[in-house]
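This briefing goes through one protein structure by topic. Look at the sequence and the model first, then read the points below.

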Amino acid sequence: MFHKEKSIQLKNSASALYNNLSVLRIAPRRLTYFTVVHANVVNMVSTSWDGLNYSHRQLQSKEPNVATSTSLIMQAAFCALPSRDLLVVSSQKGIQMYESDGSIMVYWHALDTPEAPTAHAVFARGISAVSDNYICVGVSSGAVLVFDVPSKGSNITLSEVLEEHKEAITDIASECSGSQEFLANLVTADDGGNMCVWKSGEEFQLLNKIPGLDMTCSSVKLWKGTVLAGYGTGQIRLYEAVTGILHAEVNAHARWIYSLDIAPFSGLLLSAAEDSFVRVWHLSITPETNSVEIAHLHNECVTDTQICGAKFCDGDGYAFAVTGYDLSEIIRYVQS
Amino acid sequence: MSVRTLPLVFINLGGEMLYILDQRLRALNTSEDQSETGVWSERDRKRVLNDVVGTMFSKSFMDELLKPQQLYSHRTMKTVLTRLAHSSIMRLNPASMDRLYELMIMAFKYQVLLSPRPRDLLLISYNHLDAARAFVRDTPAVLNQVDETHRKIIEVYSRLSDGEFQLLRQTLLTFLQDVHTRVSVFLKNQIQNPSGRFVLMTSGPVPAGVDVPGLIRTFDPRGREVGRSEFPPGGTYSGSVGEGSFELSGDRVLRLGQNLYQAETNPLAKEELNLLARLMGCMKAGSVPAADEEAASALARIAGQFTDEEAELENPSGSKGDDLLAMMDDL
């Protein structure tokens with residue numbers, strides 16, 4: 001079903017972090033950007049669709065105005081809004097937002113770090129754009145920061161802080177079907193597997209809470225009103241977002257899941273875990289009849305590698321890319 | 001990232017150090033006559049192990065490590081571990097310490113990477129603690145220190161959630177990233193490839209609490225199962241073999257963290273450790289000239305500088321590692 005294509009070499013290896021690969025397709029320029037985090041550096045590669053041109057850029061997590069300070073990055077993700085695309089980088093010290101090519105930093109938000117080290121780590125993790133003008137980023141305290149992003153310029157402001165989670169945020173996702181018919185358009189997940197379902201707006205509205213079973217939810221997606229969640233136990237669960245009804249449960253992987261992705265036009269689902277496997281599934285969701293089906297399509301095994309990132313490169317799921325801990329390449333697969 | 005890594009790092013790296021030192025000192029034991037300089041007797045070996053374990057598990061050292069803090073750099077880690085080794089009558093020159101550090105790091109990387117669940121890092125640490133106990137079972141005072149440390153570890157870490165353990169593991173993996181030193185005993189046992197990367201099996205028992213992959217279940221709105229199907233998982237998995245004991249004693253079930261160097265008969269591995277032994281063999285305190293005392297204090301000064309630089313870089317207000325090193329001086 002899929003075959004391996006030529007890998008993209010990285011300047012350094014990928015770190016073991018959840019959702020450690022982000023992809024942005026820029027159709028007008030026939031380019032695709034990839035970002036992979038290595039410790040305190042974001043590796044960016046820009047590839048032309050004809051496969052002939054590659055260019056690399058590295059962004060280091062540094063607070064502005066502090067000469068030597070660096071901090072470990074937890075996640076780097078592209079946020080595609082109708083008016084603009086931004087690259088958001090979340091670290092131990094705060095949140096940085098760049099123009100999508102990484103050329104200019106347009107915004108910096110510092111996390112409240114206590115004077116003396118506390119018993120709990122402080123960091124930002126979990127990044128998603130939602131509706132027309134918001135970017136949400138999670139924090140280790142369980143808070144979700146909502147930033148209001150104007151259509152251009154650097155006048156980004158912190159609009160709201162959502163405080164429903166008690167454990168560190170792991171991942172955040174927005175409704176990606178493209179349809180406006182779904183009430184819920186945001187889901188946030190935490191270390192305990194608890195999930196909150198929201199409706200965005202000037203004031204975000206909490207629609208539902210789906211309790212976790214003390215199993216970390218490391219990666220989450222929202223498609224056609226259905227929450228797709230990947231867990232540390234290797235399970236994938238499908239929930240109806242607004243009601244919390246469990247539609248399906250898959251014993252998908254033998255180890256901790258690190259990444260889930262959806263191709264919204266075709267309903268293909270990608271799951272990747274520490275067990276070296278990437279799996280492709282097909283989802284059929286008919287909201288009218290409340291029917292949800294998931295079928296397994298394909299496996300890829302990346303030998304001797306704990307996978308930390310897997311993303312489709314396009315909305316149909318024609319191609320996908322994979323990163324692994326200690327691996328200095330982005331492995332690509334294309335439909336046969 | 002995680003502020004709880006240091007105690008586990010030292011227990012595991014220190015534990016690996018004990019295995020390697022024990023193995024090499026046994027090999028060096030060619031004479032019963034303890035008066036012959038440069039030869040290591042059974043009594044010397046036990047003394048070295050008791051001294052190292054005693055320092056590693058001293059209350060002040062452990063209390064310092066247990067404070068929430070960021071992980072040290074490799075440079076600081078190596079310095080502190082060198083001081084640990086030198087708390088005994090043994091002396092290691094930089095070349096032998098470098099090699100010892102590489103072996104320790106690769107063993108630890110293997111254990112962290114292959115840990116079935118993040119929480120199993122504790123079982124790996126407990127395997128090291130069990131071994132340390134065995135080394136000092138004839139010295140009640142030191143044995144007591146190990147037990148005390150074990151109790152504190154249980155107290156601190158049993159509160160962490162699985163998600164926090166994974167963060168801890170991810171922090172360790174970042175620290176251990178890009179190190180691919182080839183180790184003979186790993187190559188021989190086929191747990192490491194010639195490329196330096198570790199072998200990850202896609203077969204065997206799944207971790208405790210994980211189901212064997214291959215099942216899809218669907219439910220109706222009332223939660224009743226309405227469909228079941230299977231898919232090929234690609235690997236050959238079997239059910240979990242159960243969870244090891246997280247108590248002070250008991251069957252840990254997991255073998256990661258146990259001594260890999262015991263009964264080492266492979267010539268290649270022996271040669272590698274022989275080199276280390278030759279370097280170590282000529283360095284026994286007492287048979288070493290006074291110039292080395294100067295070298296030791298120079299080391300202390302330099303180590304202090306490392307941690308100062310580090311403190312400026314990472315923590316303007318702190319003296320991370322300084323207190324630790326100073327305390328080791330007092331031991």
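Helices (H or I, at least four residues) and strands (E, at least two) are DSSP runs, numbered from the N terminus. This is a predicted model, in which local features need pLDDT of at least 70 and side-chain atom pairs count only at pLDDT 80 or more, while totals for chains, interfaces and linings use all residues. Residues are numbered from 1 along each chain as its sequence is written, chains are lettered from A and ligands numbered from 1 in the order in which they are written, and side-chain values use heavy atoms, with hydrogens and water left out.

**Chain B as a whole**

- Chain B has 12 helices and 4 strands.
- Of its 331 residues, 55% count as buried. Buried means under 20% relative accessible area, exposed means over 50%, and partly exposed is in between (1.4 Å probe, protein chains only).
- Among contacts in chain B with a separation of 6 or more, 76% come from residues 24 or more positions apart. A contact means heavy atoms within 4.5 Å.

**The interface between chain B and chain A**

- Chain B gives 53 residues to the contact and chain A gives 57 residues.
- About 4,300 Å² is buried between the two chains, 52% of it on carbon and sulfur atoms. This buried area is the accessible area (1.4 Å probe) that two parts lose on being put together, summed over both.
- There are 25 residue pairs in polar contact between chain B and chain A, with both residues at pLDDT 80 or more. A polar contact is a pair of N or O atoms within 3.5 Å; within protein, one must be able to donate a hydrogen and the other to accept it, and residues adjacent in sequence count only if both atoms are side-chain atoms.
- On the side of chain B that touches chain A, the elements that give two or more residues are α5 (94–114), α8 (162–175) and β2 (215–219) of chain B.
- Helix α8(B) provides the largest share of that side, 9 residues.
- By class, the side of chain B that touches chain A has 27 nonpolar, 16 polar and 10 charged residues. Here Ala, Val, Leu, Ile, Met, Phe, Trp, Tyr, Cys and Pro count as nonpolar, Asp, Glu, Lys and Arg as charged, and the others, Gly among them, as polar.
- Strand β22 (residues 246–251) of chain A pairs with β2(B) in the antiparallel sense over 4 bridges. Two strands pair if DSSP finds at least two bridges between them.
- Within this pairing, A:V250 has B:I216 in β2(B) as its bridge partner.

**Salt bridges between the chains**

- The structure holds 27 salt bridges over all chains, and the count between chain B and chain A is 3. A salt bridge is a side-chain nitrogen of Lys or Arg within 4 Å of a carboxyl oxygen of Asp or Glu.
- B:R169 forms a salt bridge with A:E274, with 2.7 Å between the closest N and O atoms.
- B:R217 forms a salt bridge with A:E249, and their closest N and O atoms are 3.2 Å apart. B:R217 lies in strand β2 of chain B and A:E249 in strand β22 of chain A, so the pair joins two chains.
- B:R217 is partly exposed at 23% relative accessible area, whereas A:E249 is buried at 9%.
- A network of salt bridges links A:R237, A:E249, B:R217, B:E225 and B:R228.

**Salt bridges within chain B**

- B:D22 and B:R45 meet in a salt bridge through their side chains (2.5 Å, N to O). This pair links distant parts of the chain: B:D22 is in helix α1 (residues 6–28) and B:R45 in helix α2 (residues 42–56), 23 residues apart.
- B:D22 and B:R45 are both buried, and the relative accessible area of B:R45 is 4%.
- B:R45 also meets B:E42 in a salt bridge (2.9 Å, N to O). Both residues lie in helix α2 of chain B, 3 residues apart, about one turn of the helix.
- B:E42 is partly exposed, at 34% relative accessibility.

**Residues with positive phi**

- Most residues other than glycine have a negative phi.
- A:S276 is not a glycine, yet its phi is positive, near 80°. A:S276 is found in the loop between β24 (268–273) and β25 (277–286) of chain A, and is buried, with a relative accessible area of 1%.
- B:Q190, also not a glycine, has a positive phi of about 55°. B:Q190 lies in the loop between α9 (184–188) and β1 (203–205) of chain B, and counts as exposed at 63% relative accessibility.
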